[in-house]
Amino acid sequence: MNKLYTGAVEAKGGRDGHVKSTDGIIDFELKKPKELGGQGGATNPEQLFAAAWGGCYLGALGSVAEPEGVDTSEATVNVQVSFNKDGKEFALSADLDVHIPNVSHDETQRLADMAHKVCPYSKATRGNIEVRVTAV
């Protein structure tokens with residue numbers, strides 16, 4: 001494998017901590033959400049993962065749609081990453097709701113599924129967490 005780019009972030013303090021990227025662009029507090037017994041008021045790992053996955057996924061959507069002449073420049077994906085309890089363990093799950101303006105529901109679903117097959121974040125989670133990809 002040929003590394004093209006490496007993003008680096010230092011995390012301290014866990015869910016009630018701080019994250020900072022080596023270039024200083026990311027530099028903020030983490031807070032456990034109120035739903036998990038925290039105080040809320042700051043971002044959390046699930047939001048950060050959803051944001052990163054969403055950006056990467058839209059890149060993958062563009063790469064599969066462009067050869068077919070489909071414009072995805074105004075496409076959106078709403079990514080929900082959930083923190084779940086499964087018996088005594090914890091697990092993530094995700095829902096990706098994909099919208100491509102002026103494209104039929106069936107065509108959007110077909111392209112959304114294709115993008116899910118090639119997106120690096122989707123590949124990383126495949127078989128590890130429950131994921132639903134839906135055209136909306």
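T72 sits in the loop between α1 and β4. Is T72 buried or exposed in this predicted model? T72 counts as buried, because its relative accessibility is 17% and the cut-off for buried is under 20%. Setting aside neighbours within four places in sequence, T72 is in contact with L61, G62, A65 and I100.

Not counting residues up to four places away in sequence, L61 touches T72, A75, V98, I100, L111, A112 and A115. L61 is also among the residues with the most contacts inside the largest nonpolar core, together with W53, Y57, L96 and V98. That core has 21 residues. Two or more of its residues come from each of α1, β4 (76-86), β5 (89-99) and α2 (105-118). Which element gives the largest share of this core? The answer is α1, with seven residues. In soluble globular proteins, nonpolar side chains tend to be buried together.

Now let us step back to the whole chain. The protein chain has three helices and six strands, and along the sequence they follow the pattern β-β-β-α-β-β-α-α-β. Along the principal axes, the C-alpha atoms fill a box of roughly 45 × 35 × 30 Å. Of the 136 residues, 30% count as buried. Among contacts between residues at least 6 apart in sequence, 48% join residues at least 24 apart.

Where the domains meet, six residues of domain 1 are in contact with five residues of domain 2.

Charged pairs come next. Side chains of opposite charge can pair when their charged atoms come close. How many salt bridges does a search of the whole structure find? It finds six, and the table shows some of them.

| Salt bridge | N to O distance | Relative accessibility |
|---|---|---|
| K12 and E10 | 3.7 Å | K12 53%, E10 48% |
| E46 and R15 | 2.5 Å | E46 10%, R15 24% |
| R110 and E68 | 2.2 Å | R110 33%, E68 40% |

In the K12 and E10 salt bridge, K12 counts as exposed, while E10 counts as partly exposed. The side chains of E46 and R15 also meet in a salt bridge. E46 lies in helix α1 and R15 in the loop between β1 (9-12) and β2 (18-21), so this pair ties together parts that are 31 residues apart in sequence. Here E46 counts as buried and R15 as partly exposed.

R110 and E68 form another salt bridge. This pair links distant parts of the chain, with R110 in helix α2 and E68 in the loop between α1 and β4, 42 residues apart. Both ends are partly exposed: R110 and E68. E107 joins these two residues in a network of salt bridges.

Finally, have a look at the outside. The protein chain exposes about 8,800 Å², and carbon and sulfur atoms supply 52% of that area. On the surface, L36, F83, F90 and L92 form a nonpolar patch with about 330 Å² of accessible area together. L36 lies in the loop between β3 (27-29) and α1 (45-65). L36 is partly exposed, because its relative accessible area is 33%.

How values were computed: Residues are numbered from 1 along each chain as its sequence is written. This is a predicted model: local features need pLDDT of at least 70, side-chain atom pairs count only at pLDDT 80 or more; totals for chains, interfaces and linings use all residues. Side-chain values use heavy atoms; hydrogens and water are left out. Patches are made of residues with over 30% relative accessible area and no salt bridge: like charges are joined within 9 Å, nonpolar side chains (Val, Leu, Ile, Met, Phe, Trp, Tyr) within 5 Å. Accessible areas come from the Shrake-Rupley method with a 1.4 Å probe; for residues, only the protein chains shown count as cover. A salt bridge is a side-chain nitrogen of Lys or Arg within 4 Å of a carboxyl oxygen of Asp or Glu. Helices (H or I, at least four residues) and strands (E, at least two) are DSSP runs, numbered from the N terminus. Buried means under 20% relative accessible area, exposed over 50%, partly exposed in between (1.4 Å probe, protein chains only). A nonpolar core is a set of buried Ala, Val, Leu, Ile, Met, Phe, Trp, Tyr and Cys residues joined through side-chain atoms within 4.5 Å. Contact means heavy atoms within 4.5 Å.
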